[in-house]
Amino acid sequence: MRIYLYIITGITSALLGWNLGQYFLTDLGLLKPFPEIILFPCVAALLAIGMVMNEIFISNPTRPKLCLRIAKTPLLIALALGILAGLIAGIISQVLFLPSIRVPTPFVRTIGWLLIGSSVGIAEGLSWRWHSMEAGDVARFQQRLIISVTGASMASLVAAILFESIRQGFGRMPPEFRSLEDPLGFSILGLLLGLIFSITNSPSYLGALRAGGGFEYTGINYEEIDPNTPSRNPPHIDRRVLQFVSDSRASKIEEGLSIKLPGTGKVRIGSTFKQCQIYIPDIPPHVGNLILNRRQALLEVNPKFLNTIEVNGERLTATNKKFLKHNDILTFFSINGNGKNETNIYRFVYYNRFLDPQG
């Protein structure tokens with residue numbers, strides 16, 4: 001379904017941009033001698049807006065009001081970059097079309113389409129920062145931007161080559177069919193851009209643990225400021241192994257923050273301060289591990305402390321291993337000095353970000 005939505009959005013956006021350009025050129029008579037200066041900005045802007053809006057709604061399909069609220073800044077960025085890059089492409093094309101320069105027409109059009117595609121990639125990549133928590137990871141954001149620009153540029157280059165091949169066939173057709181040349185060409189451009197974005201923009205399968213009850217904000221940790229202040233260590237993560245989705249520099253676990261889990265490996269959970277990657281005070285010293293293997297997450301619980309953990313409200317009794325699914329709720333119970341349960345609980349929600357990019 002995702003790939004079809006991207007392809008339909010690409011074709012529709014390209015045709016809307018072409019029709020908008022025709023309105024300015026024919027109905028309003030703007031810059032008729034220089035059609036590329038009008039047509040290219042319209043196509044680039046509509047493609048950028050369409051791709052950005054499509055990504056926002058696909059990432060949050062059940063929250064349309066939220067999508068509309070967060071879409072303002074990304075769409076303004078897409079509009080501005082699309083118009084700017086389209087103008088640059090149109091001006092370059094018109095200059096190269098001058099008889100005194102004599103650059104081959106197919107080469108000029110290919111350069112123009114390449115600039116349009118790269119502008120759509122830049123708009124999509126930059127605007128991602130304003131509508132995705134995952135973009136809080138600087139390395140991930142830079143990777144996504146490079147992939148978007150590279151993929152869009154390659155798609156526009158292939159579209160230009162295909163269009164020039166088709167255009168030669170249209171030259172031998174009756175005049176009434178030649179009017180379909182431009183809309184068909186831009187449809188191919190939109191189709192390939194949609195296809196490439198459906199691949200490059202696919203969310204990762206990496207999991208995340210979102211902190212819930214028990215991790216409420218308790219104010220400043222004065223022990224970090226004054227070592228002489230008597231205080232226990234707050235729940236935190238080992239930043240050498242883990243980091244939060246929205247803030248790669250934070251270490252304290254607080255309600256609402258999502259811990260980004262590695263693709264593979266083992267994450268130790270417990271109250272042993274320097275040996276656990278997820279440290280939670282008052283729970284058993286080593287309550288269990290998260291075993292991560294590509295698209296799977298396995299909760300492995302210490303047999304001695306099966307009664308201190310629940311998954312979706314059920315205590316683990318028969319087995320000490322549990323495969324986790326999207327939206328599973330993990331509850332850890334604190335213990336007192338005698339090893340008996342106390343009333344304090346700490347909850348996480350396991351997310352697979354392929355299903356919930358905002359997790």
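1. Confidence. The model is predicted. The mean pLDDT over the protein chain is 84, and 86% of the residues reach at least 70. Among the elements, strand β6 (residues 278-279) has the highest mean pLDDT, 95, whereas helix α9 (residues 222-225) has the lowest, 51.

2. Overall make-up. The protein chain contains 9 helices and 13 strands. It comprises 359 residues, of which 45% count as buried. Its accessible surface is about 18,200 Å², with 61% belonging to carbon and sulfur atoms. Of the contacts with a separation of 6 or more, 59% are between residues 24 or more positions apart.

3. Helix α2. This helix spans residues 35-59 and runs 36 Å from its first C-alpha to its last, close to the expected 36 Å. Of the 25 residues in α2, 21 are buried, and the helix is thus mostly covered.

4. Largest nonpolar core. This core has 30 residues; those touching the most other members are I253, I259, I278, I280, L299, F332 and F348. Elements giving two or more residues to this core include β1 (207-211), β5 (264-270), β12 (329-335) and β13 (341-352).

5. Surroundings of F348. Leaving aside residues up to four places away in sequence, F348 touches I253, I259, I278, I280 and F332, among others. Its partners also include R210 and D328.

Terms used:
Residues are numbered from 1 along each chain as its sequence is written. This is a predicted model: local features need pLDDT of at least 70, side-chain atom pairs count only at pLDDT 80 or more; totals for chains, interfaces and linings use all residues. Side-chain values use heavy atoms; hydrogens and water are left out. Helices (H or I, at least four residues) and strands (E, at least two) are DSSP runs, numbered from the N terminus. Buried means under 20% relative accessible area, exposed over 50%, partly exposed in between (1.4 Å probe, protein chains only). Contact means heavy atoms within 4.5 Å. Accessible areas come from the Shrake-Rupley method with a 1.4 Å probe; for residues, only the protein chains shown count as cover. The expected span of a helix is 1.5 Å times one less than its number of residues. pLDDT is the predictor's confidence in each residue, from 0 to 100. A nonpolar core is a set of buried Ala, Val, Leu, Ile, Met, Phe, Trp, Tyr and Cys residues joined through side-chain atoms within 4.5 Å.
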